[in-house]
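Morning, everyone. Please have the model open on your screens, and follow along as I go.

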2 protein chains.
Amino acid sequence: MTTLPDTSNPFPENVDQVFTHCRVATMAKGNYGIMENAALAVSGKSIAWIGPMDALPETLGCKMVTNCRNQWILPGFVDCHTHLIWAGSRAKEFEMRLDGASYADIAKAGGGIVSTVKATRAASENTLFDLASSRMAHFLTQGITTVEIKSGYGLDLDTELKMLAVAGRLNKACPQHITATFLGAHALPPEFASRSDDYISEITQVMLPAVKHQGIATAVDAFCETIAFSREQTRQVLETAIVLGFAVKLHAEQLSDSSGTAMAAQMGALSCDHLEYLSTEGAEKMAAHGTVAVLLPGAFYYLKEKKVPPLDVFRRLCIPMAVATDLNPGSSPVHSMIPVLNMACLLFGLTCEEALAGATIHGAKALGLADRKGSLEPGKDADFVIWDVASPADLCYLTGITPVKMVVIAGRTEHRSV
Amino acid sequence: MTTLPDTSNPFPENVDQVFTHCRVATMAKGNYGIMENAALAVSGKSIAWIGPMDALPETLGCKMVTNCRNQWILPGFVDCHTHLIWAGSRAKEFEMRLDGASYADIAKAGGGIVSTVKATRAASENTLFDLASSRMAHFLTQGITTVEIKSGYGLDLDTELKMLAVAGRLNKACPQHITATFLGAHALPPEFASRSDDYISEITQVMLPAVKHQGIATAVDAFCETIAFSREQTRQVLETAIVLGFAVKLHAEQLSDSSGTAMAAQMGALSCDHLEYLSTEGAEKMAAHGTVAVLLPGAFYYLKEKKVPPLDVFRRLCIPMAVATDLNPGSSPVHSMIPVLNMACLLFGLTCEEALAGATIHGAKALGLADRKGSLEPGKDADFVIWDVASPADLCYLTGITPVKMVVIAGRTEHRSV
């Protein structure tokens, strides 16, 4: 179950920091990769060395030595699927539903995704930035060090660009690494009611070129579902995106099987996300094309879904499973990876090791960042979290507490618990 | 849906603190009891006055005025069912189960409640105190201001007394109010294997008198279930407890219907807890005797139960429903009321108002403390939380974040968010 990192390398010269007396779960190759009684050295923004305590030189000539007192170090969480930028609240809608309101009642009261679109369009860029900043600050306290953020609550050119501009500002202002994804094809905007093909043309002919021109997103996503866009419509979006040089990914098979996954995988998608209704054929296409399965148990839980993604098929075909918060105000107001790990285990049946790999190395893979993020290996970014837990499994087992001690990003200590 | 407090009282003289510009959900009588643009005055350890901002005198001659900037004040959470004192971890067991281990495998590996009993017996009183203190400190950050703590991981006289002594020390050392419950009849200790009647005699003849003599618990609980003790056995425990002057309560109908609830209600139990398998007849007995239904969705979730408690019956019979964390290392490692509120709504179907009443006034009722705790009313203890939320429903809707601004207990500010 565990893969130890190569410890044959001698301790390097010129390291800046050493974290001593720790237990490390490297998560390399998706396994715990546990080293007990270990030390981790950082040079600049990168991990320089990980090895046993007794391989440390007698004298450490570095700027800082941190004694971890046998606590655990794991890679920082990579949250590879969020809709973190929005305005407005959907708590009222949550409450109305519990009080017995129908979807029609909620729509009549101005609820649903349209309410978030309306509030996000109305909000200034600064307001959106402030709201999202505070979510990013909370994410930091939860050990999340890399975040993907999607647009998709604008559904018009100006607001989509505004959201992506906010993502860019967050990337500069927050310690976490952020990747921005254009999700114009998230829902049909009210202005295009009954004209979904026209909206798809707007995306491919107007929005995508503008996003490309501004250079403010690296990936393009779409929602392929009966309540959103058809496979053919999402194909047009992804095809245009690929021509323009974007990475692509897809919200697929969440509520029904539209075979969007097979299409997206064949187009080289980095990931397909949700996947509760995925067929074996679709999974085979993912395996053939190296597409990551992104599992989103928060949305499954909030929507009271019953059908779980086909884990056994993913395992048999060796498809990497990532897990993510899907943070959004409607179907997954989940502001931490800790409950996601827990739900991935209890609701979907992942093992703790699979869930933790999903929140680290496989999350990084879903973003095309596995060369830099998601595991503790020499040469990778020094993004990691020191946890006050008895074992990594505690992070999946606990509810209502996040036992973070310290969060390090690119070699800098960005958060300490009080 | 809302009940406004009586605002006819004039603003009192000699108040110590005033919290101005707030929105208040008093939770009096189990309703939101919302007052917008309100103020709350504290005198000593008690609430002196709640009323509209425009009823405040022009000059406030008190020690401290806090402008709440339109944030929400709710009563502090009353967690009326916890097993907060234990040693050892059960994360390994959680992980083994996800990896496919059977209960027999886990027992063979030393898991299950017996492992917690073993670790708790082996731990010194100081160790137990330190472990529990840190849980209480975390509870404070979660807005929990009153906590019931049960013994029940000793199952021998010395360790049961040790646990209750720790509860007493916590009550002195922590800002929260703690009530201690003796739960000797939690499980059959290994020494009494196949001799459960003998263990019940040990409880009634040795343990209960000793607990009474030391005056270190106010209530007695027992676990009436096929895997624990029979209705007749738990009856003996509760009868002895009543004779000795303890309040009584019961873990009942969690995994099957043993009719323990009807029995306990007829004996005047403060609460019956779990209740997934409760019959209508049992509920009728609760209604007739004023017994509170304590719902524990954390255990339901962790145990992957499917049968929910009969909410409609509780509603029809006007039985107060409390909700609690059931914090324990086996079936509910839930360290906050926020996920409990969420699960109560999403898994059990409580409305947000019912869930919040369950965590406040009905929790207080389940502890016999409704005259002092659980709602914001003049004369009651000044235990409340200022929340950075748009509406009280947010506390049920959010996951992975606890938007506490300030926690006040007995008039003192005991926690502020950073």
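Across the interface of chain B and chain A, the rule finds zero salt bridges. The rule asks for a side-chain nitrogen of Lys or Arg within 4 Å of a carboxyl oxygen of Asp or Glu. Polar contacts do turn up: 18 residue pairs between chain B and chain A, both at pLDDT 80 or more. A polar contact is a pair of N or O atoms within 3.5 Å; within protein, one must be able to donate a hydrogen and the other to accept it, and residues adjacent in sequence count only if both atoms are side-chain atoms.

Which helix of chain B gives the most to the side that touches chain A? It is α12(B), with six residues. Helices here are DSSP runs (H or I, at least four residues), numbered from the N terminus. By class, that side of chain B has 22 nonpolar, eleven polar and six charged residues. Nonpolar means Ala, Val, Leu, Ile, Met, Phe, Trp, Tyr, Cys and Pro; charged means Asp, Glu, Lys and Arg; the others, Gly among them, are polar.

Now the ground rules. This is a predicted model: local features need pLDDT of at least 70, side-chain atom pairs count only at pLDDT 80 or more, and totals for chains, interfaces and linings use all residues. Residues are numbered from 1 along each chain as its sequence is written, chains are lettered from A and ligands numbered from 1 in the order in which they are written, and side-chain values use heavy atoms, with hydrogens and water left out.

Back to salt bridges. Over all chains, the structure holds 36. Take A:Glu354 and A:Arg315, with their closest N and O atoms 2.7 Å apart. A:Glu354 lies in helix α13 and A:Arg315 in helix α11 of chain A, so the pair ties together parts that are 39 residues apart in sequence. A:Arg315 is partly exposed, at 32% relative accessibility. The scale: buried is under 20% relative accessible area, exposed is over 50%, partly exposed is in between (1.4 Å probe, protein chains only).

In chain B, B:Arg97 meets B:Glu93 at 3.8 Å, N to O. Both lie in helix α1, four residues apart, about one turn of the helix. B:Arg97 is partly exposed at 26%, whereas B:Glu93 is buried at 9%.

Next, B:Asp383 and B:Lys373 form a salt bridge at 2.8 Å. Both residues are buried.

Last, a network: salt bridges link A:Glu148, A:Lys150, A:Asp221 and A:Lys249.

Notes: Helices (H or I, at least four residues) and strands (E, at least two) are DSSP runs, numbered from the N terminus.
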